[in-house]
Amino acid sequence: MAQASDDDRHGTAIRTTGIGSMPGRDAEEATRIVVGELVVPHVAELPARGPGADLLGRSLALVRRATGEFAAETTPSGWRLAGGRTGGDEGRQMRRGAGWLGEDVDRLAQHLQGFDGVVKVQVAGPWTLAAGLESARGTRLLADPGACADLAAALAHAVAEHVAAVARAVPGARVVAQLDEPTLPLVLAGRVRTASGRGAVRVPGAPELSAALAGVVGAARGAGAELVIAHCCARTVPFALLRGAGVAAVSVDLTILGDRADEDLGAWWDAGGQVLLGVAPSLDPDAAALPGLPDALARQVDALWRRIGFGAADVAERTWLTPTCGLAGASPGWARSVGGVLRQAAGMLESAA
């Protein structure tokens, strides 16, 4: 079906998109929702499918297919390398994860025939991946600087291939890449535990942290990504680190950041960056709150702008609205409704300018 661009099909400068995950296992329905309800559609993720559909498994499958490295398998504690960096069998879970991802891209392309707007892809960032993956010996890759560097390089190659593949699948679309880094604040704080739980894994130095991120950001841009977004739905977001690594857009959960992030968000907008504000609940809201929810969300964003000294005329074109996090735990009904709620909130913000 032919689709209008994101600039005219929903009528607001403020874009709306999802974080990535959707509820259930019906990939066709999930794709219909993200295409029909969001200004910026994205490749739908369905963790309920099982191992290989989760954030880490999906990203590792992408790395394995692109580079032939880092084959992994699930254990009771999570994901573990099936062999060394270049060893190990791809395994059923890796094959399944890569297959699902390929199908999801193809499905999105079928729904976006004639589309010339923005489309988003999501992958785990290098530090969330390193913190969540164990070596074949059972130690976290985060503990090994060399392994972290190798993993980041492989991820950069895989992300570049993924961006290029989506651009080919949806001709005319402008691809943006989202790096999911929910674990990055724990890495920085030294709160990633060893597999035994008896100690903490090392804290990488700032140059190492920045280099890994910058490598993936640069590879995505080199492959044609219009924008690279870092998503970090934590109370403390490392804005300076992300900016230093070349990230041009940050995706945050506004409901848990609070006023203490005003200066950082203001600096991001002042520097010409884009901000994705997580405002809509990722779980079903109370039914009684639904009628007034768009207005409540708009007021929340307007209050942020006013505290910083901005208005819609200043930053609307560099503001996106999203759910606070992924929708994997939401009901199908809320997943279908949240895009409309966000669009209404965006319209209220612009009409009040």
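**Helix packing and a ring pair**

Biologist: Is the crossing of α5 and α7 left-handed or right-handed?

Modeller: The crossing of α5 and α7 is right-handed (the near helix is turned clockwise from the far one by less than a right angle). This is a predicted model, where local features need pLDDT of at least 70 and side-chain atom pairs 80 or more, while totals use all residues. Numbering runs from 1 along each chain, and side-chain values use heavy atoms, without hydrogens or water.

Biologist: At what angle do α5 and α7 pack?

Modeller: About 15°, with the axes of α5 (residues 145-169) and α7 (residues 206-222) 7 Å apart. That makes α5 roughly parallel to α7 (under 35 degrees).

Biologist: Which residues make the contact?

Modeller: Among them are Cys148, Leu155 and Val159 of α5, plus Glu208, Gly215 and Val216 of α7 (contact means heavy atoms within 4.5 Å). The contact residues of α5 and α7 split into 12 nonpolar, 1 polar and 1 charged; Gly counts as polar and Glu as charged.

Biologist: New topic: how many aromatic pairs are there?

Modeller: There are 2 aromatic pairs (ring centres within 6.5 Å). Trp269 and Phe310 have ring centres 5.9 Å apart and planes at 85°, so that pair is edge-to-face (over 60 degrees).

Biologist: Where do Trp269 and Phe310 sit in the chain?

Modeller: Trp269 is in helix α10, and Phe310 is in the loop between α11 and α12, 41 residues apart. Both Trp269 and Phe310 are buried (under 20% relative accessible area, 1.4 Å probe, protein chains only).

Biologist: And Glu69, buried or exposed?

Modeller: Glu69 is buried, at 18%, in the loop between α2 and β2. Glu69 touches residues including Arg64, Arg85 and Ala154.

Note on methods. Axes fitted to C-alpha atoms, helices over the stretch in contact; angles between N-to-C directions. Helix = DSSP H or I, 4+ residues; strand = E, 2+ residues; numbered from the N terminus. Parallel < 35°, antiparallel > 145°, perpendicular 65-115°, else oblique. Phe/Tyr/Trp six-rings, centres within 6.5 Å; stacked < 30°, edge-to-face > 60°. Buried < 20%, exposed > 50% of the residue type's maximum accessible area, 1.4 Å probe, protein only. Lists of a residue's contacts leave out its neighbours within four places in sequence.
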